Structures are given as C-alpha cells and as structure tokens.
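Please open the model in a viewer and keep the selection panel at hand. The stops below proceed from side-chain pairs to the backbone, the annotated repeats and the interface.

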Amino acid sequence: MSVNTGAKLFRKVDVDQFDEERFVEDAGDDSSAVGPNESEVNNLLAQNRNAEALKAVLNNPPVNTKDQAIKDRCASLVLRVLSAFKVSEMEGAINGLEQPAQDVLMKYLYRGFESPKEAVQSNLLAWHEKLFAVGGYGCIVRVLTDRKTV
Amino acid sequence: MATQYRFGVEPITCHAWNKEQTQLALSPNNDEVHIYGLSGGQWVKQHTLSEHTQRVTGIDWAPKSNRIVTCGVDRNAYVWTFNGTKWEPVLVILRINRAATCVKWSPEENKFAIGSGARLISVCYYESENNWWVSKHIKKPIRSTVTCLDWHPNNYLLACGSSDFKTRVYSAYVKEIESKPSANEWGSKLPFAAMLGEYSNGGGGWVHAVCFSSSGTKLAWVGHDSSISIVDAANGFNILTAKTSYLPFTSCLWVTENSLVVGGYDNLPLLFNCSQGAINFVNKLDIPKKSGGGSMSAMKRFQQMDTRGRDSEDSKVVTLHQNAIRQLTLHSGSKSSCAKFASGGNDGQILVWDIRTLESQIAGLTIS
C-alpha cells in the first residue's frame, strides 16, 4: 500500500517565479494617496454631516498599498461612518455618490462582512440592500473581480 | 422580437454562419462541429465534423472562400473545405502547448489568427510551395490566456483581449504573403508582432470579447467587471469606459459605427451608444412580456410558500434566452449597418435578431 505522507510543503514552491513572462500585478500608480483624511471625516461626523463624511471617507481608498494595517484602519473608519447613518438616510447618501465611489463602498461592505459582529452586520445588510438597488449586480461583480482590495 | 432556433439542451459554445446565412456551423460543447442547413424554416443537420479530440472552442466561416476553420482544447486547428459531398479537414500546426481558445479569419481570408492559453496568438497562413498552413507567433507582452480576437478591416491589424485584464492591438502583417501596409491611425511602423497599443480600463475583470468598428478606428471590449470600454484611434486613443449595473458581458458587436450590442450573463442583448465622449445605455433588446399576474388560489399560494419559500412563481427566466449568451455574431449586413445579428447561448438556442423589427417593436428605439 502506498504511504500517504501528508507532505504538502512542495505546494508552497512557486514554480512560476522563474517564468519571465509570468503575470505581474500593475504597480500602484499613486502610493502617496493612502486612505481618507481621518480628521476631516471625524469632524464631519461630529457635526452630524453624515453624507459628506461618507463621501470623504470613500475618497482615496487604500487600494494600492500592501500595508494591511492601513487597510484595517480605513475599514474600521468606514464602518464607523456607516453605523452613524439611520436606515432612512442611507438611500439619499448613496444617490449622492458617484459610480466609482459606490463601487468602493460595496468593497467596504464585503470587507465588513468578513468579520462578523452582529450589531454591525444588520446595519451593513441594510446598506447592501440599498446599494444593490442602485448599483445592481455590476457593483457586486466588480468587488469580486477587482484585484485592488480595500 | 427574434427568431428562435433550438439545437438541443447542450450549450452552444461557438457558432458561425456561411455567406448566405443558409448554413450554420456550431459546436454543442463537445469535440464535434455540426453543420446545419436551412430547409423550410427548419435547421436540418447535414454534416458532422469530428476531427477534434477535445472540446471545440472556436469556429469561423470564411464567407468568400467558403472555408471553415475550427480550433479546440486539443491544441489543434483544422481548415475545412467542402469538396461537393463532404467537408475535408487539413490540420494546422499551431505549435502551442495549451488549449486554443478562439479563432478568426482575416477579412481577406488569406490568413487567420488563433488565441490560446499558451499566452500567445498564432497567425496562420497558407504556404503554397509546401501545401501547408504555417503559423507565426505573437507573444509579447501577453501575460495570460488570450480569450478573444478581432481583425481590423484593413487585414493587417489584430486586436486581442486577455485574462491579464488588457486589450492589445498588434500588427499581423505577414510579409511572405502580402504587400507592405501603409501607415494608419493605429500606427505607422508595422512589422509582424509589433504591439501598437495596450489598453486597460483600470479595473480587474478579464476581457471576454473585442470588436473593431466597421471603420476600424474604434475598438470596443467587454470585461468580467461588467464594463464596456471603447478606445478611439481617431480621437487621440481616448479610452471611454462604462461600468454598468448588469452582470458581466461575454460578447460585443458593432451594429453601426456608433452603436454597440453586448450580451452576456443577463441572458439578453443590450444596446449601447458611443457618442459625445460617453458610452450611453440605450435599451434592452429583449423586453420580457409582463406575465399577467393571474389570480392564484389561496391553496396554490400557500403551497408555493411551503415548497419554494415564496408566494408567486417569479423564478422563471423571462428572457428569450434561458441562459447566458456566449457569442454574438453578425448575421446579415455589415458592421456599419447590421441588418440582423445572432446570439448563441448556454441554453442551446440561437436567436436571430432583426434590427428593423426591433426598432419597430421597441418604442422610441432608433439604432443609428
């Protein structure tokens, strides 16, 4: 009988690294623009200008950086902004966004779904429903296909 | 709205029409190509081309010379000629080590191009002294599978889309068989395999289809991020992109110089218009009939809720295609003024859409 060694170390060998025509990601074109302006967003939130805070927080998403800490900080900031909204205010805020910003928002929603915290989840689901009504399936497909994650 | 033809339950992976649209070649998602002939409004199977050993991925029918070229996952391509009674295959050596994915005759029909998973395009031409089809490779800088191809009307330029999210335009000038091309709007130096342009819409999503407009100045492509992009060589290679709210499109086709039909996972063709520096949605070309919300007995309603978790029967696919559209082809007319186009789908159907009928049936629709 053959012996199943369970060896799986070989799976980590990157056989493609010596292929000179391998696929390489496009380098981030603008590494200076990482993340939204946090203090501006906080100010807007404190003044109850939620819709403007949402616009500001979706500005400059950290899609080109590889630094997970920056991405985490931005995601939690976005979640804080999203949870400041009442369900009735969501629709107006989404309609005020440009199409690229809607795509970014959808990325953050799916990012939010990754870490289940029940209180936030119901809020995110409400956002998802409203955003889907505007952005349609294309908005979701772009979250799935885009290599630039938040 | 459209003429519906059914060819069994298997997906139609690819199809092609002959010059007079009286014959149709299609592959039912296996290693065979079936040739159907139109007789009395019905399609009757006339020939089965079974030379491929694995799934056929591309068929193209040259209208003038009446030759068919097919390619498949078995890494082979065959050129088929009709000898009066049956179709005779000639093997083409592509020199690829991955599956062939798509094939297109050049407009002059003196060469054809085949895209493959080996990250290259084989441009094949006939060498008469050897009585043999030979292939030349376009390799750089394609980083992933070539998914789609289209020829420029001048017979020299070739556009390809790839799963590395980019669309590229190459020169496919084969000096052995044709005269030197003159400079055009895409470039002036045109040695074989010179890349004249590399375009991306900035997002992810591999390219499913590319299509040159009839004048050859505009190149459209659709990607898996539900986007439609158009680059215009006459307008400083300006790239227009529309990120739509639909499911991704798998195919695109110019029906006039400014109107583009796209189709894909939404099971229906959609019309877009490119004018004034923007891509605008015009209309869906398959408008489902409203199912008359007929009365339903209380008993039926509760049964539905019990068995399906919903109280009405809205799970039916309301479009004519019951599954995704795989390919749009020009049926009659030209890319500058298409009379009819066809769509082949995963539901085993081929639909022929008449532009004039669509215009009369859909209120306010003019295709220009």
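**Aromatic pairs**

Over all chains, the structure holds 23 aromatic pairs, where rings of Phe, Tyr and Trp (its six-membered ring) pair if their centres lie within 6.5 Å, with planes under 30 degrees apart counted as stacked, over 60 as edge-to-face and the rest as tilted. Select Tyr5(B) and Trp43(B): this pair is edge-to-face, with 5.8 Å centre to centre and 90 degrees between the planes. Tyr5(B) belongs to strand β1 (residues 2–6) and Trp43(B) to strand β5 (residues 42–49) of chain B, so that distant parts of the chain, 38 residues apart, are linked. Helices (H or I, at least four residues) and strands (E, at least two) are DSSP runs, numbered from the N terminus.

The model is predicted: local features need pLDDT of at least 70 and side-chain atom pairs pLDDT 80 or more, while totals for chains, interfaces and linings use all residues. Residues are numbered from 1 along each chain as its sequence is written, chains are lettered from A and ligands numbered from 1 in the order in which they are written, and side-chain values use heavy atoms, without hydrogens and water.

**Salt bridges**

Next, select Glu38(A) and Arg73(A), whose side chains meet in a salt bridge at 3.4 Å, N to O. The term denotes a side-chain nitrogen of Lys or Arg within 4 Å of a carboxyl oxygen of Asp or Glu. Because Glu38(A) lies in helix α1 and Arg73(A) in helix α3 (residues 68–83) of chain A, the pair ties together parts 35 residues apart in sequence. Over all chains there are 16 salt bridges.

**Backbone**

Most residues other than glycine have a negative phi, and most peptide bonds are trans. Asn48(A), not a glycine, has a positive phi of about 65 degrees; select it in the loop between α1 (38–46) and α2 (50–57) of chain A. In chain B, a cis peptide bond joins Lys140(B) and Pro141(B), with omega about -10 degrees. Pro141(B) is found in the loop between β13 (132–138) and β14 (146–151).

**Interface**

Finally, display both chains: 19 residues of chain B are in contact (heavy atoms within 4.5 Å) with 19 residues of chain A. The area buried between them is about 1500 Å², of which carbon and sulfur atoms give 51%; buried area is the accessible area (1.4 Å probe) that two parts lose on being put together, summed over both. How many salt bridges are counted between chain B and chain A? The count is zero.
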